[in-house]
Amino acid sequence: MDTIDTTTQPPAPSLARVPMYVLLAIGPGERHGYAIMAEVARMTDGAVRLGPGAVYTTIKRLLDDGLIEETDDRPDPDLDDQRRRYYRLTALGQAAASAHVRQLEAVVSAARPWVLRADA
Amino acid sequence: MSTHERIYRRLLRLFPAAFRARYAEPMAQLFADQLRDAREAGAPAGSLRLWARTAGDLLTSALSQHLERDRTVAHSAATVPSFSARALGIAGVLAGLVLIVPAVIAIDDVWYPPRIMLFNALVIALAVGLHRRQAAASPRLASVASALVILANGWYLGMVMLGVGDVNLFGTAIGSVMLFSGLFLWGAAAAYGAASLAIGAFSRWGAVLLVIGSLVGITGLDRFGLTHGDFGAFFDTAAQVGIALHGVGWILLGAELALRASPRGEPTASA
């Protein structure tokens, strides 16, 4: 993956929960709708199960906001359905995902000690 | 394709046409994948549970897209529409005003023929103006709807202009040419409103009022006799309300065409 030069990038937009899940589910590669849905379910341990409507309305919003882009690259026709559409993060989308993960890490770092003590 | 998939594809019509054109196929594909997973998991009532989740997903996401479409249409107000769009939109506003003005001001019956001919001509002009923007989202549906409303108004205008009057083709209660023409006029307008709703190139209020107004207004056709029977007062009022709603529907569509440029991604009326 290309490194992100944050000095030349516009500020990463803050996103709602589902768009952020989709952004993180796409990750560094290219994914189609079904793979995104499955990855969101895996990442959230099955707590979030997106339907086709949620997946594609979110994809539309992320495309409109320039956070992801559709790719023309297709895997081997023998390995996948050619009607599927694949998406990948743009530089802005990578910046938004990175910013969100850093925020989550900061929250987790701050809360982990007392949560672990409380659980113990 | 399974029955489940066919039903799902039909339900995708809940989404605005522009969204459907782009995402209906991958959404149907994703639903088919989920259906396959549910069957392979072998859980009892797996398909039923999938449908329960899917129903909520469809309703919320379709609603969000309709709301987003309205926001997009509203945001496009910042852009000035073309001269021809403004002119044809104003024609639509005038068409609605010509139709509803007798509800506000008493007008002699002698003015009925020129008033209705003017209304028909202005609606035809508006339909031409609306067509380019609607066709950008759904060419076939827009063409059928526009053709219907132009034909219906052209037919009615021609009859009034030539003074054909109430010629009865078959000598029966339903043989009146004027009745057929009136039915076609109201029916075409209702169909046009429904098509506009489905296409989604304009905000929905004008289209909804056009559908409701046309279906209610149809009760006022003389040959039905509803306005002269035991419930004449009720049907007469209903017909007047229908005509007013019908007129306001055209006014809203005309005003939107005149005041708001095409939403992003669609050609302008002058293109």
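Hello everyone, a quick word on the ground rules. This is a predicted model, where local features need pLDDT of at least 70, side-chain atom pairs count only at pLDDT 80 or more, and totals for chains, interfaces and linings use all residues. Residues are numbered from 1 along each chain as its sequence is written, chains are lettered from A in the order in which they are written, and side-chain values use heavy atoms, leaving out hydrogens and water.

Back to the interface, then. 22 residues of chain A are in contact with 23 residues of chain B, contact being heavy atoms within 4.5 Å. The area buried between the two chains is about 1900 Å², and carbon and sulfur atoms give 53% of that; buried area is the accessible area (1.4 Å probe) lost on putting the two parts together, summed over both. Y34(A), P52(A) and Y56(A) supply 30% of what chain A buries against chain B, more than any other three residues.

Which elements of chain A give two or more residues to this side? They are α2 (33-43) and α3 (52-64), helices being DSSP runs of H or I with at least four residues. α3(A) gives the most, with eleven residues.

Now to the sheet. Chain A has an open, antiparallel sheet of three strands in the order β1-β3-β2; strands are DSSP E runs of at least two residues, paired if DSSP finds at least two bridges between them. β1 (31-32) and β2 (68-71) stand at the edges with a single partner strand each, so one side of each has no neighbour in the sheet.
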